[in-house]
Amino acid sequence: MPRLGPGLSEFDRAVPLTVLAVDPEPPALARLVNLLRADTRIGTVMTADNGIDALRLLRRHDLDGAFLDIRMPGLTGIEVVTHLARYRTPPPIVFVTASETHGPQAFELQAVDYVLKPARPERLAESVRRVVAAATPAREPAPADDGSDETIPVELGGVTRFICRSQVRYVESHGDYVRLHTAEGAHLVRARMTTLERRWADAGFIRIHRSHLVALAHITDVHLAARGASVVLGNEELALSRRAARELREVLMQRARADGIAHAAVVGH
């Protein structure tokens, strides 16, 4: 089987990860283990075939990541992660499952990925990349943001679909939920605005109001007037608080200066 994980950093090659693979079906578990062992970033793969044993291993061992099925005897994958959070900060979690209905719960639990069976080698390699990125801060200072996108599960007509963070124009707060607005529509997911504000800050999202978090990349205009400030994203206009207006102006000016320097370098000035 070909080795996966091209273009690894020196850190990735020098410190292979120890992960846990969990699936109640022997053929599915064997396939998952083989795919993980074929990845150059993985050193050791521990296994379990039920939720109780998985939780025991996660508690006892300092693991770099876990790849869990959801429908398991003893405890479901969702229950394993929920119980684990009571004892310590869990390792990065990837759900590898045939179930399409638990994506929003996985997002709420901050799983780094949600993969539908049968997992393709290249799809699982992307999950390993996300585990590496999430596990790296515990081992050494985090590298600069590589611009990678985040996949978000959303419910559409009772079926889980996936959108990319880069598609999100702005986020609207609804208590314990948020509504993610894209060019195609809006999606309600269970998450707190403060969590996304912190989690997506490095991806270019900024809080402009108590109720709104916007993507800088999607801002088409900023209106600053005595009657009130606002930002324009496509055909929508959102109120901009006075405090956020100052911060937004500074951020946009910094980006403009950086773009100007980059442009001068390209044209040779």
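Student: Which residue is the bridge partner of Ala-66 in β4?

Tutor: Ile-93 is the one. This is a predicted model, where local features need pLDDT of at least 70, side-chain atom pairs count only at pLDDT 80 or more, and totals for chains, interfaces and linings use all residues. Residues are numbered from 1 along each chain as its sequence is written, and side-chain values use heavy atoms, leaving out hydrogens and water. Strands are DSSP runs of E, at least two residues, and helices are runs of H or I, at least four, numbered from the N terminus.

Student: How many bridges join β3 to β4?

Tutor: In general, strands of a sheet pair through backbone hydrogen bonds, either parallel or antiparallel. Two strands count as paired if DSSP finds at least two bridges between them. Here three bridges join β3 (residues 65-68) to β4, and the two run parallel. Four bridges join β4 to β5 (residues 113-116), also parallel.

Student: Where do the side chains of β4 point, and are they buried or exposed?

Tutor: In a regular strand the side chains alternate between the two faces of the sheet. From β4, Ile-93, Phe-95 and Thr-97 point one way, Val-94 and Val-96 the other, and all are buried (under 20% relative accessible area with a 1.4 Å probe, protein chains only; exposed is over 50%, partly exposed in between).

Student: What is the order of the strands in the open sheet?

Tutor: The five strands go β2-β1-β3-β4-β5, with parallel pairing. β2 (42-48) and β5 stand at the edges with a single partner strand each, so one side of each has no neighbour in the sheet.
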